[in-house]
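Here's a friendly walk through one protein model. We'll look at its sheets, then at its cores.

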Amino acid sequence: MSDELEVIRPESLALRHELSVEEVVARVQKVHAIMRQAMVLDHHYGKVPGTTKDVLLKPGAELLCMTFRLDPQYEITKEREGEHLTLISTCTLWHIPTGQRCGSGMGSCSTREAKYAYRQAKRACPKCGAEQINKSKFPPRGKPQEAPGWYCFAKAGGCGQEFAADDPAITGQITGRVANEDLADTENTVLKMANKRSLVAAVLNVTAASDIFTQDLDEMTDVHVSTSGMYKADLTKEQMDANRVIVPQPETTEQEEAELRGVLVAHIKLLAEEKKIPAKDRQLLSQSVLAGATLETADIAALQDLETAVAQWRSVK
Ligand SMILES: [Zn+2]
């Protein structure tokens, strides 16, 4: 890296001028000021436990677009492989007052990602339908000689119904990680996610906010790509392609999985602390969602489910 600012002079911006040092400093200060004064933690941006960086979330990216008067436009490339769909989104940011192109970012999302490709099959309650069936630790009330049965966990949205240990309506259900049969249902989510990722990438590029923010948590496992630097705009197609380094990662490496696991586990614990979930309920939640596995052994999709379950937990009086 040279210590000179590498300034790319795209045609349209060159018509005006390149950014002065003061303008660059002012822009970065503006992002800082917006973050301090207008952004709300866990809505516009989030914290990754164990790191110093904040992650820019979609509402935060939209706020920065509003601040800098940027209009995001999306271009989607679809790749269909069997029943799987991979979408690559390019988000271009246009400066509304001048119509100038400011830069772009790319993001992709695929139904191959574990959270879409698989679902964690859990026992559902035959009475209320909630997937909140837990193994009881104690024999049924008033029948101390019988084996501990099952119950539908009311505090996590179930109905409280109890079932015998050998009730086939419960024991006959398949559990664990299974292929998601409803891939088509996830396609809209996958599109939204690809656009969200490209928007965040574009905003980070164009506003030079990547010094302040990083990409979202869920970016840790998948592809996200960008042209780097600010105002690297209006390049030729070939230059753009050369700048975009797409690294498809259908399978996460062991190290990535370990990192992701660490972040997820830390976030789950943080959420549980924040929501003051009693130890007993924490145990029940993880038993119920992880289907016998522990935070160390559960697969990533199950940990993501647990994160959701903990986030949705509410105390029942
Ligand atoms: Zn129930």
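Two strands pair if DSSP finds at least two bridges between them. Helices (H or I, at least four residues) and strands (E, at least two) are DSSP runs, numbered from the N terminus. What you're looking at is a predicted model, where local features need pLDDT of at least 70, side-chain atom pairs count only at pLDDT 80 or more, and totals for chains, interfaces and linings use all residues. Residues are numbered from 1 along each chain as its sequence is written.

Start with β8 (residues 150–152), which pairs with β9 in the antiparallel sense over 2 bridges. Here Trp150 sits opposite Phe163 in β9. Both strands belong to an open, antiparallel sheet of 3 strands, ordered β7-β8-β9. At its edges, β7 (133–135) and β9 (162–163) have a single partner strand each, so one side of each has no neighbour in the sheet.

Another open sheet of 3 strands runs β1-β2-β11, with mixed pairing. Its edge strands are β1 (45–47) and β11 (213–214). β2 (residues 54–56) and β11 pair in the parallel sense over 2 bridges, and Asp54 stands opposite Phe213 in β11.

| Strand pair | Sense | Bridges |
|---|---|---|
| β8 and β9 | antiparallel | 2 bridges |
| β2 and β11 | parallel | 2 bridges |

Now the inside. A nonpolar core is a set of buried Ala, Val, Leu, Ile, Met, Phe, Trp, Tyr and Cys residues joined through C-beta atoms within 7 Å; buried means 20 or more other C-beta atoms within 10 Å of a residue's own, with C-beta atoms placed from the backbone. The largest one has 31 residues, and Leu56 and Val203 have the most contacts inside it. Its largest share, 10 residues, comes from α6.

Definitions and conventions:
A residue is buried if 20 or more other C-beta atoms lie within 10 Å of its own, exposed if 12 or fewer, and partly exposed in between; C-beta atoms are placed from the backbone.
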